[in-house]
Amino acid sequence: KVLSLKEFILDFIESKKDLIGDEQVAVDTIKAYENWNKVLLEFEKNRFTLSYESINSTFYKKYITFLKSRYVVNTIGKHIKHLKTVMTASLVLGYHSNLKYKAFKKPVDKKKDVPYLNKQQLQDLADMELTGKDASARDYFLLMSYTGMRKTDMSHLTNENIIVYKGVRMISFHESKVKTD
């Protein structure tokens, strides 16, 4: 039996759930596909009929417009990636012969002015006379600014992370990614 696109998406997600125990697929990946499917179905409600054949440039333009009204560029990119993954998997199984989706790309984010502090401003901040929580917050901010460390990594630092290398005190740590189960 050839599954419709909507049926295939549900089947695809369910098949990924079977791989969780083997640690081949993270729970967060399943959640991401489920959330993507909800958004895709919401898009379909009033705007488009989903089928393998309807995934074309017209669909893409409308889908991107819909996503842009709700999400930032990186999230839109993930939605496009999920769509392309599902379309490729269904293509491999012979459910369709539509290759138009292969041209889909995430939209380009226009350059934004990102505020930052220059070296002198960081030094001025370091020189400020602060006490208590204000001093601690400043010190955390400066350490993150100079090292690029995330707040979660900072919260796990202990005295054991301070090492001496060739007479210079340094921070040694392994960057961690947030994982939820």
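Accessible areas here come from the Shrake-Rupley method with a 1.4 Å probe. Keep that in mind for the surface numbers. And note that this is a predicted model.

Surface, then. The chain exposes about 13200 Å². Carbon and sulfur atoms supply 53% of that area. Of the 181 residues, 28% are buried.

Next, overall shape. The radius of gyration is 24 Å. A compact globule of 181 residues would come in near 16 Å. Along the principal axes, the C-alpha atoms fill a box of roughly 70 × 40 × 30 Å.

Now the fold elements. We have seven helices and two strands. The order along the sequence is α-α-α-α-α-α-α-β-β. So much for the layout; on to contacts. Take the contacts with a separation of 6 or more: 48% of them join residues 24 or more positions apart.

Charges next. There are 31 positive and 22 negative side chains. The centres of the two sets lie 8 Å apart.

Let me zoom in on one helix. Helix α2 covers residues 27-47, which is 21 residues. From first C-alpha to last, α2 reaches 30 Å, close to the 30 Å expected at 1.5 Å a residue.

Which residues of α2 are buried? Ile-30, Tyr-33, Trp-36, Asn-37, Val-39, Leu-40, Phe-43 and Glu-44. Look at the spacing in that list. An α-helix has 3.6 residues a turn, so residues three or four places apart point the same way.

And what do the buried residues of α2 pack against? Three helices: α1 at 5-17, α3 at 57-68 and α4 at 73-92.

Methods. Residues numbered from 1 in each chain as written. Predicted model: local features only at pLDDT ≥ 70, side-chain atom pairs only at ≥ 80, totals over all residues. Heavy atoms only, no water. Helix = DSSP H or I, 4+ residues; strand = E, 2+ residues; numbered from the N terminus. Rg over C-alpha atoms; globule rule 2.2 N^0.38 Å. Buried < 20%, exposed > 50% of the residue type's maximum accessible area, 1.4 Å probe, protein only. Contact = heavy atoms within 4.5 Å. Lys, Arg positive; Asp, Glu negative; His and termini not counted. Charge placed at Lys NZ, Arg CZ, Asp CG, Glu CD. Expected span 1.5 Å × (residues − 1).
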